[in-house]
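Here is a short report on one chain. Read it with the structure open beside you.

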Amino acid sequence: MALRTPGGCHLLPPRIRVSPATLSPPPAQLPLFHKPNSNNLKLSNPIIATPRASMANDNSSPAFSASQIARIGEVKRVTKETNVSVKINLDGKGITDSSTSVPFLDHMLDQLASHGLFDVHVRATGDIHIDDHHTNEDVALALGTALLQALGDRKGINRFGDFSASLDEALIHVSLDLSGRPHLSCDLHIPTERVGSYDTQLVEHFFQSLVNTSGMTLHIRQLAGKNSHHIIEATFKAFARALRQATEYDHRRAGTVPSSKGVLSRA
């Protein structure tokens with residue numbers, strides 16, 4: 001009997017053809033948990049998984065493996081004014097051990113290590129009986145040189161870093177490029193001349209010194225802030241996170257230099 005749809009179409013009942021094969025019993029089924037005898041199996045084209053570190057790329061050179069490269073820079077700087085030693089591990093865990101005889105600078109170096117996840121070791125003595133200027137400057141110069149050393153040829157890194165950090169009412173934006181070209185643009189408005197015994201003019205001088213030896217393009221912008229301590233600390237935190245971004249590996253680059261020129265070098 002045909003069925004009528006609301007649209008006036010007729011639906012015919014399905015026709016089932018029965019053949020002797022349809023009525024024959026189904027073939028015997030294997031048990032649900034049947035396990036084939038592996039001795040009777042052969043792989044005509046077996047696939048062997050090769051660890052990526054041992055694989056070769058198209059030009060028969062070893063594939064890039066970031067874990068095989070120790071990115072550590074160690075520098076000693078001795079002048080008539082200061083004696084400074086710096087060691088930095090770019091792939092560290094945020095371990096900090098800094099003693100510069102300038103307490104506020106030690107506090108800022110702690111921020112660099114903690115928020116950048118760098119291991120930072122600094123020892124410095126200097127003519128702080130005059131002021132903190134030479135110690136602040138030479139620590140930054142040595143840190144920049146150690147960073148330059150740790151980066152090497154800069155193959156495979158992200159190169160660029162960009163981060164905004166807040167600390168209560170203060171908000172600081174940092175953008176940097178590990179380009180090999182030193183440049184600093186610093187727009188901080190620190191309302192007091194000192195934080196504790198630390199001269200706040202030394203903040204910009206610290207970053208200028210670090211830029212000069214590391215070959216970094218660095219932009220610092222204060223978006224908000226009234227408290228001098230908060231402004232400076234937020235600056236170091238934002239710098240640490242931006243530097244962490246820039247120094248981390250981009251695995252899609254497979255160890256190539258992140259430049260259309262093929263070279264990123266302070267020299």
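## Confidence and fold

The chain has a mean pLDDT of 82, and 71% of its residues reach 70 or more. pLDDT is the predictor's confidence in each residue, from 0 to 100. This is a predicted model: local features need pLDDT of at least 70, side-chain atom pairs count only at pLDDT 80 or more, and totals for chains, interfaces and linings use all residues. Residues are numbered from 1 along each chain as its sequence is written, and side-chain values use heavy atoms, with hydrogens and water left out.

| Residues | pLDDT | Contacts beyond four places in sequence |
|---|---|---|
| 8-12 | under 50 | 9 contacts |
| 30-64 | under 50 | 14 contacts |

Now the sheet. Helices (H or I, at least four residues) and strands (E, at least two) are DSSP runs, numbered from the N terminus. Strands pair if DSSP finds at least two bridges between them. Four strands form an open sheet in the order 3-4-6-5, with mixed pairing. Strand 3 (72-78) and strand 5 (96-99) are its edges, each pairing on one side only. Strand 5 runs parallel to strand 6 (residues 119-126) over 4 bridges. Ser 99 has Arg 123 in strand 6 as its bridge partner.

Angles run from 0 to 180 degrees between N-to-C directions, with axes fitted to C-alpha atoms, for helices over the stretch in contact. Helix 3 (residues 133-151) lies across strand 3, strand 4 (82-89) and strand 6, at about 145 degrees to strand 3.

Last, the hairpin. Strand 7 (residues 160-167) and strand 8 (residues 170-177) run antiparallel, joined by 8 bridges. Ser 166 stands opposite Leu 171 in strand 8. The hairpin has 2 residues between its strands, and Asp 168 takes a positive phi near 55 degrees.

How values were computed. Contact means heavy atoms within 4.5 Å.
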